[in-house]
Amino acid sequence: MVFVRVFCYSAVTSTIARMARRQPPTLRPFAPPRLVIFGVPGSGKGTQAELVARRYGVRHISTGTILRSEISRRTVLGQRARRYLAAGKLVPDSVTNALVAKHLRTATVRRRGFILDGYPRTRRQLNALERMGGVTLAVEIALTDAAAVHRISGRQNCVCGASYHAAYHPPKRPGGCDRCGRRLFTRDDDRPGPVRRRIRIYHRQTAPHVRHYRRHGVLVTVDGQPAIAEVFSSLVGRLRRVGWRAHRV
Ligand code: ADP
Ligand code: ZN
C-alpha cells in the first residue's frame, strides 16, 4: 500500500513535468492571450495557472505571489500589504490595481500575453482590468469549500511562487523548493481563521465576477477535484475546444 502511494505521487509529479515541457504551444492566438483564473482559495488555481503559463508561453501574474515577495523583501508596498495578507483580508484596490497595471505594461506581457491569478477580486478591480484592455478568456477551477479547506491544511509555499502539498504534490526534497531550492514555509493566512475569511470573501466579492464572465460567454469551468495532472488535461481539452475563437472575442 505504501509502495503504491509513493508510486502514484511520483507518477503524478513526472506527468506534470512532461505535460508542462510539451512544446510547441498548441494555442496560437492572433493576439496574445489574456486569461484570468478563478477558484476558491485552495482550489489549485495557482498550480494550474503555472502549468498553463509554461505550456502556452504566457506570463503567470499572481498578485498573491507578488505581494508575498514584496513582503519578504520589506519594500514599502510590502510593509503596507503585510497585515492584510496575514489576516486573510483584501489589500486595498488602489494598491492591487497599480500593481497589476505595472505588470501588464511590461514588454514580455504585451508580447506573450498573461494569465492573471488572484485578480480581479472586487468590482473596482474588474472595472480597472476592463480599462486595461479586459481579458479574452476566464477559467474557473470549481471545488467545494470543504475540499479546499482540506487541501490548504497540507500546503507549503515558496517565495518564488511555487506551491506544494504534503500528499498531492510533495517537493522532491522535503522542505525545499524544486524550482529554486529555497526553504518552504506555511503561509500565515493558511491558518483556519484567515482561511475561513478568504473563502467568505471569495464567495461574496469574487464569485460575482465569475458569473460576469460566464454571461459574456468567455468562461471555461473545470472540475478541480481530481489530481493536478487530470485537472490540467481537462483544462487543456477545454482550451483547445474554445481555442482561437475565445481569444478573438
Ligand atoms: P488565495 O487565492 O489562496 O487566497 P492568493 O495568493 O491569491 O491566495 O492571495 C493571498 C492574499 O493576497 C489575499 O488573501 C489578499 O490579502 C492578497 N491579495 C492577492 N490578490 C489580491 C487582490 N487582487 N486584491 C486584494 N488583495 C489581494
Ligand atoms: Zn522556489
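Me: Which residues lie nearest the centre of the second largest pocket?
Reply: This is a predicted model, where local features need pLDDT of at least 70, side-chain atom pairs count only at pLDDT 80 or more, and totals for chains, interfaces and linings use all residues. Residues are numbered from 1 along each chain as its sequence is written, chains are lettered from A and ligands numbered from 1 in the order in which they are written, and side-chain values use heavy atoms, leaving out hydrogens and water. A pocket is an open set of points on a 1 Å grid over the protein atoms alone, with protein on both sides within 12 Å along at least five of seven lines, and its lining residues have an atom within 4 Å of a point. This pocket has 13 lining residues, and those nearest its centre are Arg68, Ile71, Ser72, Phe185 and Asp188.

Me: Which elements give two or more residues to the lining of that second largest pocket?
Reply: The second largest pocket holds about 330 Å³ of space (a volume being the space filled by probe spheres set on grid points joined across faces, edges and corners). Elements here are DSSP runs numbered from the N terminus: helices are H or I with at least four residues, strands E with at least two. Those giving two or more residues to the lining are α3 (63-72) and α4 (76-87).

Me: Now to Arg74: buried or exposed?
Reply: Arg74 belongs to the loop between α3 and α4, and has a positive phi of about 55° although it is not a glycine. Most residues other than glycine have a negative phi. Buried means under 20% relative accessible area, exposed over 50% and partly exposed in between, with a 1.4 Å probe and protein chains only. At a relative accessible area of 66%, Arg74 is exposed.

Me: How far apart in space are Gln156 and Phe185, C-alpha to C-alpha?
Reply: Gln156 is part of strand β5 and counts as partly exposed, at 28% relative accessibility. Leaving aside residues up to four places away in sequence, Gln156 touches Ala162, Ser163, Tyr164, Leu184, Phe185 and Thr186 (a contact means heavy atoms within 4.5 Å). Gln156 and Phe185 are 29 residues apart in sequence, yet their C-alpha to C-alpha distance is 5.6 Å.

Me: What are the protein donors of the zinc ion (ligand 2)?
Reply: Donors are N, O and S atoms within 2.8 Å of the metal (3.2 Å for Na, K and Ca), and water is not among the atoms, so sites may look incomplete. Along the chain, the donors of this zinc ion follow the spacing C-x1-C-x16-C-x2-C. Lying 2.3 Å from the zinc ion, they are Cys158 (SG), Cys160 (SG), Cys177 (SG) and Cys180 (SG).

Me: How many residues apart in sequence are the parts that Cys158 and Cys177 tie together?
Reply: Both residues are buried: Cys158 has a relative accessible area of 3%, and Cys177 one of 5%. Cys158 lies in the loop between β5 (155-157) and β6 (163-165), and Cys177 in the loop between β6 and α9, so the pair ties together parts whose separation in sequence is 19 residues.

Me: Against which elements do the buried residues of α8 pack?
Reply: In α8 (residues 145-152), the buried residues are Ala147, Ala148, Arg151 and Ile152. They lie on the same side of α8 because they cover an arc of only 135° around the axis (the arc is that of the directions from the helix axis to the C-beta atoms). They pack against β5, β6 and α9.

Me: Which residues of α7 are exposed on its other side?
Reply: Helix α7 (residues 123-131) has Gln125, Leu126, Ala128 and Leu129 buried. These cover an arc of only 165° around the axis, so they share the same side of α7. What covers them includes β1 (34-38), α5 (93-104), β3 (114-117) and α9 (192-215). Exposed on the other side are Arg124 and Arg131.

Me: The peptide bond from Tyr119 to Pro120: cis or trans?
Reply: Pro120 sits in the loop between β3 and α7. Most peptide bonds are trans. The bond from Tyr119 to Pro120 has omega near 0° and is cis.

Note on methods. 1 Å grid on protein atoms, 1.4 Å probe; cavity = no way out; pocket = protein on both sides within 12 Å on 5 of 7 lines; lining within 4 Å.
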